Amino acid sequence: AQSWRSRTNPTPEQPNPPTMANSEEEEVAEAEVAEEEKEMAKEAEAKEAAEVEEAVEEGAAEEEEEPAPKKVKKQEPKAKAKAKAAEEEEESDEEPMRVGTLQAPLVVTGARERKKTETYVVEVLEKAEFVVLKGKGKALGKLANVSAMLDSKTGSDDVMQHLYHACFSRKGQKLKVKAALREFSGFPFDASTRDAELAKRTVAIGKRSMDELKQMLKVCCQVSGGSKDELVARLLEFLGKPSDSGISAKVDSAVKRKRATTPKKGSAKKPTKAKPVAKKSEASGKAKKDSAVGIKKPPSALELYLKERLPALKLKNDEVSEADLEKHLKDKWKTLAADKKSKFDDEHKVLLKKYDEAVAKAKAAAANATIVDEEEDGDEDEGDDE
């Protein structure tokens, strides 16, 4: 059994143990190496010491031959020098310390010291003057009908302000609106910006009401009928290239009458002769009395229309006068459809029929009335007394 184990698991070979002779040799070799290193270190130190002595001797010889160099002050930069100079000046300009009020003398001599006041100056930027650019059409002032309409208006009128904004896309001054509109000859758009600018003007003009658009078209002597889109397109077409439309200017009668009655400066009023008053004949006076018979005539269809629509229109337009509202409704009545007018026409006919019947009855009553004499009344009174 032992022989089989020895065959299968042989024992590993172990190194031979060190002997005494080998260890002594190694110690001797190490001692020799240490001695050699010490000798080399001593030689290196000796060399360094010799080099240092030579360098010291050479330096001493050079100092004996050449004089010592002068110390040069470093130049300060210019910025620092200027700053120092400014500080020195400020220190010199500083006022001496004032004496307190208790230590100051009672009598003050010399001129009074006045302090300088710094005024604040506001920079005013000058606005460039507005220049009317030349368009492709005729100037509005050269069109006779449009020029007459512009003359009948003032720069503060709403229609003139609206027209100025439509032409120049800016708010105008009251005193310069009419002059600028007279020089306007069309939109000065380039081919590249024409479509975009026209789209902006279309939106701006489209915000106006129907009445404002019609008033602007009347000033331009254009047809003022149609839908809102048609009015905007017609106005833009005219302002793009103004030309004579052939429509005569329709100036309000109130403006004409005002201009005729206002005398010029320096001209004296001429005395006016009194017009002879025609005597009314008795027949005409009788006819008038007979036709009236104390009964008021019924309102017309237009008056009935105004009576119905005016109160509601007043509520929505507080700032507009009643005369302007009536004028607006009268203009609307002219273009009102026949089926809408029929309502007021029928009402007027009914009232007119009642009026005729009342007048006939009044006339019949007046014709059948009996006249009682005063004498007969007196005789009856005497009989009663008896």
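Student: Which residues in α12 meet which residues in α13?

Tutor: Keep in mind that this is a predicted model. On the α12 side you have Ala 301, Leu 302, Tyr 305, Leu 306, Arg 309, Leu 310, Leu 313 and Lys 314, and they meet Glu 322, Leu 325, Glu 326, His 328, Leu 329, Lys 330, Lys 332 and Trp 333 in α13. By class, that contact has 9 nonpolar, 1 polar and 6 charged residues.

Student: What makes the pair of Phe 184 and Phe 187 edge-to-face?

Tutor: Ring centres have to lie within 6.5 Å to pair, and planes over 60 degrees apart count as edge-to-face. Here the centres are 5.9 Å apart and the planes are at 70 degrees, so the pair is edge-to-face.

Student: How do you know whether Phe 184 is buried or exposed?

Tutor: Buried means under 20% relative accessible area. Phe 184 has 1%, so Phe 184 is buried. Phe 187, at 4%, counts as buried too, and Phe 168 is buried at 13%.

Student: Which residues do ring pairs link into a cluster?

Tutor: Phe 130, Tyr 164, Phe 168, Phe 184, Phe 187 and Phe 189.

Key. Residues are numbered from 1 along each chain as its sequence is written. This is a predicted model: local features need pLDDT of at least 70, side-chain atom pairs count only at pLDDT 80 or more; totals for chains, interfaces and linings use all residues. Side-chain values use heavy atoms; hydrogens and water are left out. Contact means heavy atoms within 4.5 Å. Helices (H or I, at least four residues) and strands (E, at least two) are DSSP runs, numbered from the N terminus. Ala, Val, Leu, Ile, Met, Phe, Trp, Tyr, Cys and Pro count as nonpolar, Asp, Glu, Lys and Arg as charged, and the others, Gly among them, as polar. Buried means under 20% relative accessible area, exposed over 50%, partly exposed in between (1.4 Å probe, protein chains only). Rings of Phe, Tyr and Trp (its six-membered ring) pair if their centres lie within 6.5 Å; planes under 30 degrees apart count as stacked, over 60 as edge-to-face and the rest as tilted.
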